[in-house]
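Colleague: Could you walk me through how to read the ligand contacts in a model like this one?

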Amino acid sequence: MLSGLTLLASTVMLLACGSGGVGGGGPSSTHSHSTPVTPALNGFPAAIIPASNPYTEEKMQLGRQLFYDTRLSGNGSQSCASCHQQDKAFTDGRPLAIGSTGETHPRNSQGLANVVYHATLTWANPALTELERQMEVPMFGEHPVEMGINDQNKNTVLSRFRQDPAVMKQFQAAFPKDADPVSFANIIAAIASFERALVSSDSRYDQFLQKKATLSASELRGMNLFMGEKAECFHCHGSFNFNDQVKFQGLSQVDTPFHNTGLYNIDGKGGFPFPNRGLFESTLRAQDMGAFRAPSLRNVAVTAPYMHDGSIATLKDVLDFYAAGGRHITSGIYAGDGRTNPYKSDLITRINLSEQDKSDLIDFLGTLTDEKFLKNPRFSNPN
Ligand code: HEC
Ligand code: HEC
């Protein structure tokens, strides 16, 4: 639903708001390599910052203010942080997100750690590659309504900020050349700068790689399973960001794979429930049915529930699902044997995991929690 058509509709809406394009040339806009957000920590590569929105501390701080500000929604009830909470690695703990007017989103809120490195954004939208573009969806989208900014209330939303001298000062500091800095284009540029600063690279696993921490026997066994050919997790979660869609400076080829993991098979022909058919929603190609982006597993211990629709409650359940080679739903409207989904990835097959193996894997995933990131005051609510 949020792919293709909705994105187009919300882009039109943004232009209708009179703010003009934000990202310049869209997905293919040129990139500046001269403005680091944050030093590349613990072996992370340097991130790509679009030339159309150079990073500055002032923009990041304004973006942080706006990210937490409920005035940035039509009815003043919701901010980005309502669905993206720092202590949960910027997820919200719900299976499905709920927008400012009470509409249920078809999908699970995603974490924002290391989002600057994502080659495509959201669960399954190959066309969405810039944070500036993605933001139009929660702000202006109507299917579902998230923050609910529309033609009727857009001026009210902007005037809320114009009437606040402290926030006005931040706008002026972030956009010193603009006579009237309070615009949706600038709001989006600032929040994107905040998002680019959200780097999580100091988990116990990172410290282990740097020989600053040790892992327990169980965590080490879990790591070997994760990285080995028996469990095969690394095939799709094997980058430095524990996913398989990354972009960064100097990378010659950016891959954007999507995978069907066998969660559903509602018609016996591989069907996933509308509007959660993954890549199929934008391509309408049969082979893309149920194909989703592999999420980064950094901080995954604090981002339950799991999967694009929040339909798996715990990490233990996720491991049972992988061990079975897919999910067999025996009753209800989604009944069907996902294990035999014809579009399922060849990498998802029954794995002979003992209960010990599963708990070792869960222990290893726990080492990816970055406590400093979850508590970093730079990323917290400034008010
Ligand atoms: C109503 C809850 C809600 C609100 C409010 C919300 N989001 Fe989200 N966010 C989501 C959901 C759900 C997804 C997954 C969307 C999908 O896959 O279609 C998401 C995805 C994202 C992503 C993609 C992350 C990735 O891994 O690719 C980014 C970035 C993001 N949101 C940023 C924001 C920003 C910035 C704001 C405020 C302007 C915001 N969100 C407001 C629920 C919300
Ligand atoms: C074929 C690629 C592939 C392999 C192999 C794979 N995954 Fe995944 N993983 C995915 C995709 C795609 C999703 C999202 C599926 C969805 O939501 O429909 C996912 C989701 C997850 C999630 C939920 C994360 C979240 O934020 O919701 C966890 C945890 C996870 N995988 C762990 C593992 C582990 C552990 C292994 C090895 C046993 C593994 N994965 C093997 C592709 C893969």
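Colleague: Which backbone atom lies 2.8 Å from an oxygen atom of ligand 2?

Modeller: A polar contact is a pair of N or O atoms within 3.5 Å; within protein, one must be able to donate a hydrogen and the other to accept it, and residues adjacent in sequence count only if both atoms are side-chain atoms. Here a backbone N or O atom of Met307 lies 2.8 Å from an oxygen atom of ligand 2. A backbone N or O atom of His308 lies 2.7 Å from an oxygen atom of ligand 2, while His237 brings a polar side-chain atom 2.9 Å from a nitrogen atom of the ligand.

Colleague: What should I keep in mind about the source?

Modeller: This is a predicted model, where local features need pLDDT of at least 70, side-chain atom pairs count only at pLDDT 80 or more, and totals for chains, interfaces and linings use all residues. Residues are numbered from 1 along each chain as its sequence is written, chains are lettered from A and ligands numbered from 1 in the order in which they are written, and side-chain values use heavy atoms, with hydrogens and water left out.

Colleague: How many residues surround ligand 2?

Modeller: A residue counts if one of its heavy atoms lies within 4 Å of the molecule. There are 24, and the closest are Cys233, Cys236, His237, His308 and Tyr322.

Colleague: Which protein atom is a donor to the iron atom of ligand 1?

Modeller: Donors are N, O and S atoms within 2.8 Å of the metal (3.2 Å for Na, K and Ca); water is not among the atoms, so sites may look incomplete. The single protein donor is His84 (NE2), 2.1 Å away.
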